[in-house]
Amino acid sequence: MIHAVKHHPAQELLEQYIEASLAPELSLAIAAHLDLCPHCQRVKMDLEAEAGAALVNLAEEPATATEWQQMLDFITAQPELAVSMEKRQPFALQIQNSEILLPASLKPLLQNKLKWLNLGGISTAKLAGEDQHNVSLLYIRKDSEVPQHTHLGLEITLVLKGKIYDEAGCYGEGDLLINTPDHTHTPRTMSEDCLCLSVLTAPLKFKKGLTRLLNPLQHLFY
Ligand SMILES: [Zn+2]
């Protein structure tokens, strides 16, 4: 990847990811970011090593070589961990007439044909929406704007392709935007289309003039 990832999850969020205490959809966004971000992969490995060391310190007696081997055998026998140790290959998907490489973590959610809803330059396709955390792909055509909005909950956006801009900066492939009810922003694209993964724990709230009329169209975004 040419773009160096600049916007990362806070360490606290990575710790919760490692402890598996995040809601599954938030965990998915972090997993997909990790697929794209060597920096956070290293931080995660360090945090896991620290946790492992803390575990060893808890033990009354130092572990013998045999015990270590048994522990390693046990860990590598866990199917989920074995999978996470495999090289995580990105996969290609045809989206809006172009083939886009996506992080491996998203593959299980993209087995079925996507159903796109379109509004002007913005298209959304839900990946899962049965519970309170809504997961969708957001495709924003070049020179388009998502109307200014605030958030009733947490909004996590992971840029998968292209670039998105808002009042706080520019975000490229792999960058993670985390917005809370304290943030109001107007994401927009410039010269290229942009594909994002969007996780919302509550609907967006549109703020300005006529765009407030979008609030009843929440099903597009949430
Ligand atoms: Zn990162």
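Me: Which residues of helix α1 (residues 11-18) are buried?
Reply: This is a predicted model: local features need pLDDT of at least 70, side-chain atom pairs count only at pLDDT 80 or more, and totals for chains, interfaces and linings use all residues. Numbering starts from 1 along each chain as its sequence is written. Buried means 20 or more other C-beta atoms, placed from the backbone, within 10 Å of the residue's own. In α1, that picks out Leu 13, Leu 14 and Tyr 17.

Me: Which residue with a positive phi follows α1?
Reply: Step past the helix end. Phi is near 60° there, and the residue is Ala 20.

Me: How many helices and strands does the chain have?
Reply: DSSP runs are counted: H or I of at least four residues for helices, E of at least two for strands. The chain has five helices and 13 strands.

Me: Which strands stand at the edges of the open sheet?
Reply: Three strands pair antiparallel in the order β11-β6-β13. Pairing takes at least two DSSP bridges. Each edge strand has a single partner, so one side of it is left without a neighbour in the sheet; these strands are β11 (184-185) and β13 (204-206).

Me: Which residue of β11 stands opposite His 149?
Reply: Strand β6 covers residues 149-151, and two bridges join it to β11. The two strands run antiparallel. Opposite His 149 stands His 185.

Me: What share of the 222 residues in the chain is buried?
Reply: Take the whole chain now. Buried residues make up 29%.

Technical notes: A residue is buried if 20 or more other C-beta atoms lie within 10 Å of its own, exposed if 12 or fewer, and partly exposed in between; C-beta atoms are placed from the backbone.
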